[in-house]
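User: Hi! I am new to this structure and would like to learn how to read it. Could you take me through a few features?

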Amino acid sequence: MTDLSNLVKKLPKAELHIHIEGTLEPELLLTLAKKNKIDIPYQSVNEIKQAYQFRNLESFLALYYQGTNVLLHQTDFYHLTIAYFERVAQDHVRHVELSFDPQAHVSRGVPFSCIIEGILQGMEEARDRLNITSKLILCFLRHLSEDRAIDMLKMALPYRNYITAIGLDSTEKDIPPKYFERVFTQARLAGFLTVAHAGEEGPASYIRQAVELLKVRRIDHGIRCTEDPDLVEKLIALKIPLTICPISNIKLKIFSKMTDHNIRALYDRGLFVTINSDDPAYFGGYINDNFMQLIEHLNFQASEIIQLCKNSFMASFLDPSTKESYVKLIDQIAQTEMGLQPA
Ligand code: ADE
Ligand code: ZN
């Protein structure tokens, strides 16, 4: 166990499914609430932590959106972003594909320019000071209409060069991806790649729609794909990565305990699985904690942890030569740490 925790710490990794708003730690939430004079129903970090008990995705999202209310100024988005990068530098994260939910902020009167420029400032500093590269994913909120998503896309166009992909998140039940087909087509025509949350609480058919209609390059979560064996075949054949978030899935009661999580089955089936933290400030675990859960509860071995770290880069939107150099680096570190030869 000691050896494997060391290995997890030392291996470079990419995080591909992380919501910047979900990295708002209770300390920063309290500081920003005070600074910006925003009423929140908590007095202390402890009270906040006590409140973070969720029945399902919906009950989590209520607190997540409440948390976003304290983010008002460009500097708030910058502090939020750089705090996340500083935290994951300790986990040896070397590349991040960061999601943000601008509709949660523009609806409160925060200009889009403040949101994105604050985040970009954090990303640039992370690159220069912490040696962590990153790309940005703008997510549409699926509880809002497609017309609102189209408005958002128009707002984002002047920042086209700073946004790599468009995503889809928020409430999933009864809101199929097909409702967003038109705006995703527009986004692709404008040059964005696409990803979408699907098959977290929603059925396998939503994953199929995300692949077939929204033409996504990755599925966020995707754990319910197993309900449709043909879909599983298709995801394997097309090498579509699933960005899985084990601790999130337990906290949101998708599975009742880690030993029940289906990531072991998905991995063994040959799906292109990656490990991520989703909303670590709310779920109490960053990326390495997620890896440790697999080791402690699902019997993941050194060679599998190494493969998952390689997958994280291979599933990213980095260019092929950068991906290859990370794979080589992982092999070198694995060999030094464990005496393991490349697979
Ligand atoms: N927004 C932030 N976290 C999310 C999740 N796990 N599912 C859907 N939308 C989200
Ligand atoms: Zn998510």
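Predicted model: local features only at pLDDT ≥ 70, side-chain atom pairs only at ≥ 80, totals over all residues.

User: Which residues in helix 5 meet residues in helix 7?

Analyst: From helix 5, Gln74, Phe77, Tyr78, Thr81, Ile82, Phe85, Glu86 and Ala89 take part. Their partners in helix 7 include Cys114, Ile115, Gly118, Ile119, Gly122, Met123 and Ala126. Sorted by class, this contact holds eleven nonpolar, five polar and four charged residues.

User: Thanks! How do I describe the way two helices pack?

Analyst: In general, a packed pair is described by the angle between the two axes and the distance between them. Here, helix 5 spans residues 74–89 and helix 7 spans residues 112–130. They pack at an angle of about 30°, and their axes are 7 Å apart. The crossing of these two helices is right-handed.

User: Which residues are around ligand 1?

Analyst: Among them are His19, Leu57, Phe60, Leu61, Tyr64, Asp169, His197, Glu200 and His221. Ser170, Asp278 and Asp279 also belong to this group, and each of these deserves a look for its polar atoms.

User: What lies 2.7 Å from a nitrogen atom of ligand 1?

Analyst: A polar side-chain atom of Asp278 does. For Asp279, an N or O atom in the side chain is likewise 2.7 Å from a nitrogen atom of the ligand. Ser170 uses a polar backbone atom, 2.8 Å from a ligand nitrogen. As for cover, the protein hides 100% of the 260 Å² of accessible area that ligand 1 has on its own.

Terms used. Residues numbered from 1 in each chain as written. Chains lettered and ligands numbered in written order. Heavy atoms only, no water. Axes fitted to C-alpha atoms, helices over the stretch in contact; angles between N-to-C directions. Helix = DSSP H or I, 4+ residues; strand = E, 2+ residues; numbered from the N terminus. Left-handed = near helix turned anticlockwise from the far one by under 90°. Contact = heavy atoms within 4.5 Å. Nonpolar A, V, L, I, M, F, W, Y, C, P; charged D, E, K, R; others polar. Near = heavy atom within 4 Å. Polar contact = N/O pair within 3.5 Å; in protein donor to acceptor, adjacent residues only side chain to side chain. Areas by Shrake-Rupley, 256 points an atom, 1.4 Å probe, with all protein chains shown as cover.
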